[in-house]
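Here are my notes from going through the model you sent.

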Amino acid sequence: MIRCNARSTLFALVLCTLTMAALAQSYPAKPVRIIVPTPVGGPGDIIARGTAASLGAQYGQSFVVENRLGVGSIVGAEACARAAPDGYTLCSMDSFTLTLNPHVRAKLPYDPQKDFAPIVHFGFLRSSMSVHPSIPANTINELLDLAKAKPGSLIWGSFGPASSSHFYIEYFRNARGINFLNIPYKAASEAMQRMVAGEVHVVTFSLGQSVALAKAGKIKMLAVGGDTRSPLMPDIPSFKEAGMELSIQTWFGLYAPAGTPADIVQRLNADLVKIIPTPAFKDKFLTTQGIELTPPAAGPIAPFAAYIREETEMYGKLTRIVGIKPE
């Protein structure tokens, strides 16, 4: 890594600046890996593979996705944080990895605020709340009435304490006195698989990947996250319409290890800001997953970094309200 010292002579500073600019222009000179802390096939993985293909075509160099699994995305995040800050390791992570984990994990092997350099926000994921077709509930209120009548009898497949599903379960328990049996899995995709198999009764999952299952009758969609209905499932009410006070948004971002040359980070941001909104990328890797581009998505680094700080503070307040304590 190249460092420019403030005490250097003017000549040295100019030389250092030119060297860093040359480094960014020659980047990448070898394959780049993108660490994804979630399984193959999930929204985060799909976005990362689209990014790898797009950047590979842009730079004429291989970008390879590496899935590093672990509860709460901790294993993959740590691998990214500990990688050499040279631009040849990037990581694509969901919002909870950096903004929620600090509040639900007693000890993390990485510092969410200090160990990563934000590159670009990919967009917000619309999710759905669905049940197995055998469950006699067609609305969220009917589901809650059923769960209240039979405490602990309905199984909710979550994906760890740093997940939206865990928040919903704890919210219902603390705010409404309604108890679901929480069965945590390593990933949302696994929880959904278990529900399709009939082993789980309730799941929150990405809207884009839920649509085909709902239309095939393999799951029953009750509501879609957010304030408005989705054009993907216009007959399904939004969380707001369904009377849900809590609607958690998942979003995805691309990062580099802290200390990665700023010119490389800025170059990646500038190129991705152009790539992400294009139909070739957006339609194939975002819309199909139920991901929408609203600010700070596909924008500059500074607003993205500020948004991360805001979300971290928000989850700190929410965990206290819901009553979730670090484990």
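Predicted model: local features only at pLDDT ≥ 70, side-chain atom pairs only at ≥ 80, totals over all residues.

1. Now helix 12 itself. Helix 12 covers residues 301–322, which makes 22 residues. From first C-alpha to last, helix 12 reaches 31 Å, close to the 32 Å expected at 1.5 Å a residue.

2. Which residues of helix 12 are buried? The list runs Ile 301, Phe 304, Ala 305, Tyr 307, Ile 308, Glu 311, Thr 312, Tyr 315, Gly 316, Leu 318, Thr 319 and Val 322. Have a look at Glu 311, a charged residue that is one of the buried ones. As for partners, the buried residues of helix 12 pack against helix 4 (95–99), helix 5 (101–104), helix 7 (164–176) and helix 10 (262–275), along with strand 4 (116–125) and strand 10 (250–257).

3. Helix 7 is worth a stop too. Helix 7 has 13 residues and reaches 17 Å between its first and last C-alpha, close to the 18 Å expected at 1.5 Å a residue. Buried here are Ser 164, Ser 165, His 166, Phe 167, Tyr 168, Ile 169, Glu 170, Tyr 171 and Phe 172. These buried residues pack against helix 4, helix 6 (140–149) and helix 12, plus strand 6 (155–158), strand 7 (181–184) and strand 8 (202–206). Just after helix 7 comes Gly 177, with a positive phi of about 70 degrees.

4. On to a helix pair. Helix 2 (residues 43–59) and helix 11 (residues 279–286) pack with their axes 9 Å apart, at an angle of about 155 degrees. Angles over 145 degrees count as roughly antiparallel, so helix 2 and helix 11 are roughly antiparallel to each other. Their crossing is right-handed. Helix 2 brings Ile 46, Ile 47, Gly 50, Thr 51 and Ser 54 to the contact, and helix 11 brings Phe 281, Phe 285 and Leu 286. By type, that contact has five nonpolar residues, three polar and no charged.

5. Finally, Pro 43, which is found in helix 2. Is Pro 43 buried or exposed? Its relative accessible area is 11%, and buried means under 20%, so Pro 43 counts as buried. Not counting residues up to four places away in sequence, Pro 43 touches Leu 125, Ser 206, Gln 209, Phe 252 and Gln 289. Take Ser 206: Pro 43 and Ser 206 are 163 residues apart along the chain, yet their C-alpha atoms are separated by 7.3 Å.

Notes: Residues numbered from 1 in each chain as written. Heavy atoms only, no water. Axes fitted to C-alpha atoms, helices over the stretch in contact; angles between N-to-C directions. Helix = DSSP H or I, 4+ residues; strand = E, 2+ residues; numbered from the N terminus. Parallel < 35°, antiparallel > 145°, perpendicular 65-115°, else oblique. Left-handed = near helix turned anticlockwise from the far one by under 90°. Contact = heavy atoms within 4.5 Å. Expected span 1.5 Å × (residues − 1). Buried < 20%, exposed > 50% of the residue type's maximum accessible area, 1.4 Å probe, protein only.
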